[in-house]
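Subject: Structure handover

Hello,

The structure is below, with notes on what was found in it. Please read the notes alongside the coordinates.

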Amino acid sequence: MPETVFSRPEALQQVTTHYCPGCTHGVIHRLVGEVVDELGLRERTVGIAPVGCSVLAYNYFATDFHEASHGRAPAVATGVKRARPDLIVFAYQGDGDLASIGMAEIMHCANRGEKVTVVFVNNAIYGMTGGQMAPTTMPGQIATTCPLGRDVSLAGWPIRMAELISTLRTPAFVARASVHAPLYTVNAKAMLKRAFQYQVEGTCFSIVEILSTCPTNWGLPPAEATAWLEDNMLPYYPLGVFKTPGGEDRAPLPLGGRIGASHAK
Ligand SMILES: Cc1ncc(C[n+]2csc(CCOP(=O)(O)OP(=O)(O)O)c2C)c(N)n1
């Protein structure tokens with residue numbers, strides 16, 4: 001009797017991806033799809049698609065979807081959730097979308113304690129528009145708008161959104177995970193599941209920042225992009241749970257440092 005070891009989550013459509021080779025948006029879509037399935041939420045979930053590479057997210061999810069203008073997904077999510085508190089509402093946002101043009105929306109949504117979930121994909125660059133510097137671009141990282149590398153004396157230091165949001169007094173679940181290697185990906189799913197569970201229980205605002213690759217705009221082959229993330233982003237963007245509604249377990253995740261062989265650059 002053959003055993004099924006792998007199948008598409010019901011919450012995802014059977015379509016061909018438009019994402020570049022090595023991009024981790026697809027991995028994160030899958031994790032969200034699995035969580036929605038496992039919590040039995042598909043029939044009452046509404047995603048809010050952003051502006052950015054995941055603008056077409058509605059093509060991939062077999063849930064309802066609503067498009068938002070650039071950075072405004074938390075505001076749209078607020079409206080949907082307040083009108084229909086019985087629905088499960090998630091915003092899916094890139095770092096340019098959330099931490100630049102949408103900075104006000106995400107901070108105020110979190111501060112109001114809206115009972116929505118935000119999936120924040122931090123790939124340290126503006127992907128869709130061709131690789132401009134984002135608020136999260138690493139010091140020295142080359143982008144089309146900083147061809148000599150990000151100069152922190154001009155552009156400031158990359159913004160750590162999980163830390164920033166976790167300073168708010170309003171109860172929330174705030175975590176950062178990564179999907180550049182399998183063990184990290186398992187952990188990212190656990191964080192996403194917790195985030196959605198808090199919404200299901202009506203507890204609090206929840207956000208999971210997920211470190212992500214952008215081989216095309218980083219100018220690296222996929223495997224080197226994975227190594228670049230591990231060497232450059234992980235030390236600056238520590239993984240862990242930064243805030244919980246009850247203030248319990250704020251300890252970092254038991255995942256840090258490198259996995260596997262060293263990656264020469
Ligand atoms: C009001 C407005 N300003 C600028 C743009 C152009 N724009 C489209 S996507 C994007 C950046 C997206 O980057 P990010 O949020 O990091 O997502 P990624 O594409 O990397 O997944 C920008 C600036 C726009 N569509 N609307």
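Helix H3 (residues 95–101) supplies the largest share of the shell around the ligand, four residues. Helices (H or I, at least four residues) and strands (E, at least two) are DSSP runs, numbered from the N terminus. This is a predicted model: local features need pLDDT of at least 70, side-chain atom pairs count only at pLDDT 80 or more, and totals for chains, interfaces and linings use all residues. Residue numbers start from 1 along each chain as its sequence is written.

There are 18 residues around the ligand, and Gly52, Gly94, Gly96, Asp97 and Gly127 come nearest; a residue is near a molecule or strand if its C-beta atom, placed from the backbone, lies within 6 Å of it. By class, the shell holds eight nonpolar, eight polar and two charged residues. Here Ala, Val, Leu, Ile, Met, Phe, Trp, Tyr, Cys and Pro count as nonpolar, Asp, Glu, Lys and Arg as charged, and the others, Gly among them, as polar.

The sheet is open and mixed, with seven strands in the order E2-E1-E3-E4-E6-E5-E7; two strands pair if DSSP finds at least two bridges between them. Strands E2 (64–67) and E7 (240–243) are at the edges with a single partner strand each, so one side of each has no neighbour in the sheet. On average, neighbouring strands are turned by 20 degrees against each other, direction ignored. E1 (residues 45–49) pairs with E2 in the parallel sense over four bridges, and alanine 49 has glutamate 67 in E2 as its bridge partner.

Two helix pairs follow. Axes are lines fitted to C-alpha atoms, for helices over the stretch in contact, and angles run from 0 to 180 degrees between N-to-C directions.

The axes of H1 (residues 25–38) and H7 (residues 182–200) come within 9 Å and cross at roughly 45 degrees. That makes H1 oblique to H7 (under 35 degrees is roughly parallel, over 145 roughly antiparallel, 65 to 115 roughly perpendicular, the rest oblique). Their contact (C-beta atoms, placed from the backbone, within 7 Å) includes Val27 and Leu31 of H1 and Leu192 and Phe196 of H7. It has seven nonpolar, one polar and four charged residues.

The axes of H2 (residues 73–83) and H4 (residues 103–112) come within 7 Å and cross at roughly 40 degrees. Pro74, Ala75 and Thr78 of H2 meet Glu105, Ile106 and Cys109 of H4.

Regards

Note on methods: Contact = placed C-beta atoms within 7 Å.
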